[in-house]
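Here is a short report to read alongside the model. Please keep the viewer open as you go.

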Amino acid sequence: MASNSIVWFRNDLRLHDHRALTAAIDRSNAVACIYIVDPRFFTKTSFGFDRIGPHRLKFLRESLLDLGKSLADAGSTLIVLQGKAEDVLAEAAKAIGASHVYAHREYASEETAIEDQVQRSLADVGASLELSSANTLYELDDLPFEIEDLPELFTKFRRKVEASSLIRPPLATPQTIPSLDPNTLAKLDSVSIDQAACLQGEEVVHDERAVMPFKGGESEGLRRVNDYFWTDDCLKEYKETRNGMLGANYSSKFSPWLALGCLSPRQIHHEVCRYEEQRIKNDSTYWMIFELLWRDYFAWVTLKHGRRLFQVEGLRGQRIPWKQDSKILDRWREGTTGFPLIDANMRELAATGFMSNRGRQNVASFLTKNLGIDWRMGAQWFESMLIDYDPCSNYGNWNYVAGVGNDARQFRWFNTLKQSANYDPDGAYVRHWLPELADVPSEHVHSPWKMDRENRKQLDLVYPPPIVDLFKSAEQNQALHEAANEQFR
């Protein structure tokens with residue numbers, strides 16, 4: 001018999017393609033739409049950074065406000081509760097007589113541990129947790145292998161799923177959501193977004209140098225898809241432009257909305273297919289799906305390997321003698337390493353909460369392969385700052401770049417001078433974020449230490465010399481990695 005139910009919104013702050021919400025509507029008399037401000041996610045990281053920094057917090061608040069408006073338009077209410085999820089949901093289920101809590105599955109170890117605790121606490125009050133996997137391109141149940149048999153190489157994974165699995169179409173946005181009656185709703189201790197202490201923070205002022213004015217929420221995410229695909233017609237050139245660093249449209253910029261579930265990857269896939277039918281099908285349209293596949297892969301890797309992804313030895317169990325020098329880390333964080341490409345990217349991150357994929361690879365490689373700093377310090381800084389942070393992609397990528405990932409077989413590092421020449425040949429990007437280099441000649445803008453002594457002396461007053469010798473530091477760290485590889489064998 002149908003009864004009241006709860007939809008537990010987590011990193012799925014949308015109404016379109018929402019499997020948990022759709023199931024609750026189909027099987028219930030009334031649905032309570034709950035978001036929990038769990039204080040465990042608003043603490044400090046082990047290296048002392050805010051887990052959710054100011055840019056992430058702003059984007060989250062905007063996304064919740066947009067979700068609340070969308071729910072209201074559908075006749076429902078966003079109920080914001082505070083506390084540990086396992087306690088809050090059990091109390092809520094008991095208060096409103098809910099027999100089921102519907103939610104989307106998460107894949108990182110902390111989140112799955114909370115799901116287990118929620119399951120147990122709900123059982124104590126006669127309710128159950130029903131999980132769906134709808135925040136990935138493929139459903140977990142549709143993979144052509146059990147999760148313990150997930151290939152350790154992305155290419156093998158991609159070939160198997162592309163050959164054997166289908167991507168489900170996105171679910172429609174519900175137009176009406178049966179809401180709790182006012183008396184029942186009053187039994188829940190809901191607060192406004194402005195009343196939740198953890199959601200308050202310093203005001204973030206938009207930096208005009210940012211690639212675009214990111215704003216959280218499903219409405220903005222869907223608008224971005226429409227603009228990038230249809231209005232600006234950028235998808236047809238995505239593969240050729242995706243390694244850029246300046247401007248709104250060198251890449252899709254969908255990742256912030258994907259991270260909070262304001263966009264469904266299956267909705268993006270649906271739009272790509274429609275674009276291929278109506279405009280063009282080429283390498284770029286495939287590459288958009290290829291990048292979404294990488295996102296799926298990191299989710300499944302995280303589910304398979306659990307806590308190992310977040311430990312210093314990484315997925316390989318590699319014991320590398322990392323340094324934890326906070327002064328060197330601060331030079332990296334603040335963008336004062338003396339290497340313009342690194343510094344420009346780190347200043348962009350600090351000012352906007354965003355950085356290009358090309359930039360992320362370079363700064364992560366520099367921190368680990370040139371500075372030899374514990375990769376988790378970099379990963380935790382990204383966790384705090386990136387508006388598109390999700391644990392699977394962030395820590396999966398850091399494992400890979402640091403050389404402790406499941407497919408690491410050799411010392412890979414990014415030569416920042418070569419990268420600068422390839423991706424910022426005229427220095428436009430570094431000058432954009434490092435105004436002190438505005439007058440440095442183009443031939444020296446990526447290596448200002450090579451200028452003549454007089455010019456270098458003047459520049460030293462406003463821009464630091466290199467923190468390390470680029471090539472010697474790479475050689476030294478390579479020796480450490482190779483020694484660790486020998487022990488690993």
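## Strand S1 and its partners

Since this is a predicted model, please read every value here as computed from its atoms. To get from S1 to S2 the chain passes through helix H1 (residues 19–27), making a right-handed β-α-β crossover.

S1 also pairs with strand S4 (residues 98–104), again in the parallel sense, with five bridges between them. Here you can look for Val7, which stands opposite Tyr102 in S4.

## Salt bridges

How many salt bridges does the structure hold? The count is 27, and a few of them are worth a visit. Lys44 pairs with Asp50, with the closest N and O atoms 2.6 Å apart. Lys44 is exposed, because its relative accessible area of 51% is over the 50% cut-off. Asp50, at 35% relative accessibility, is partly exposed.

Another pair sits within a single helix: Glu271 and Arg274 both belong to helix H10 (residues 265–278) and are three residues apart, about one turn of the helix. Their closest N and O atoms are 2.9 Å apart in a salt bridge. Is Glu271 buried or exposed? Glu271 is buried, with a relative accessible area of 11%, whereas Arg274 is partly exposed at 30%. Elsewhere, Arg376 makes a salt bridge with Asp374, at 2.6 Å between the closest N and O atoms. Asp374 has a relative accessible area of 1% and is therefore buried. Salt bridges with shared partners also link Asp17, Arg19, Glu139, Asp142, Arg168 and Arg266 into one network.

According to the domain assignment, the protein has domain 1 (1–134), domain 2 (136–169 + 217–310) and domain 3 (326–488). The C-alpha centres of domain 1 and domain 3 are 37 Å apart. Their contact involves 14 residues from domain 1 and 20 residues from domain 3.

Interface size is often expressed as the accessible area lost when the parts come together. For domain 1 and domain 3 the buried area is about 1300 Å², with carbon and sulfur atoms giving 65% of it. One salt bridge is found across this interface.

## A loop residue: Ala74

Where does Ala74 lie? Ala74 is in the loop between helix H2 (54–73) and strand S3 (78–82). Ala74 is buried because its relative accessible area, 6%, is under the 20% cut-off.

Leaving aside residues up to four places away in sequence, Ala74 touches Pro174, Gln175, Thr176 and Ile177. For a sense of distance across the model, compare Ala74 with Lys450: the two are 376 residues apart in sequence, and their C-alpha atoms are 62 Å apart in space.

Methods. Residues are numbered from 1 along each chain as its sequence is written. This is a predicted model: local features need pLDDT of at least 70, side-chain atom pairs count only at pLDDT 80 or more; totals for chains, interfaces and linings use all residues. Side-chain values use heavy atoms; hydrogens and water are left out. A crossover is right-handed if, with the strands pointing away from the viewer, the path from the first strand over the helix to the second runs clockwise. Helices (H or I, at least four residues) and strands (E, at least two) are DSSP runs, numbered from the N terminus. Two strands pair if DSSP finds at least two bridges between them. A salt bridge is a side-chain nitrogen of Lys or Arg within 4 Å of a carboxyl oxygen of Asp or Glu. Buried means under 20% relative accessible area, exposed over 50%, partly exposed in between (1.4 Å probe, protein chains only). Domain bounds come from an automatic or database domain assignment. Contact means heavy atoms within 4.5 Å. Buried area is the accessible area (1.4 Å probe) that two parts lose on being put together, summed over both.
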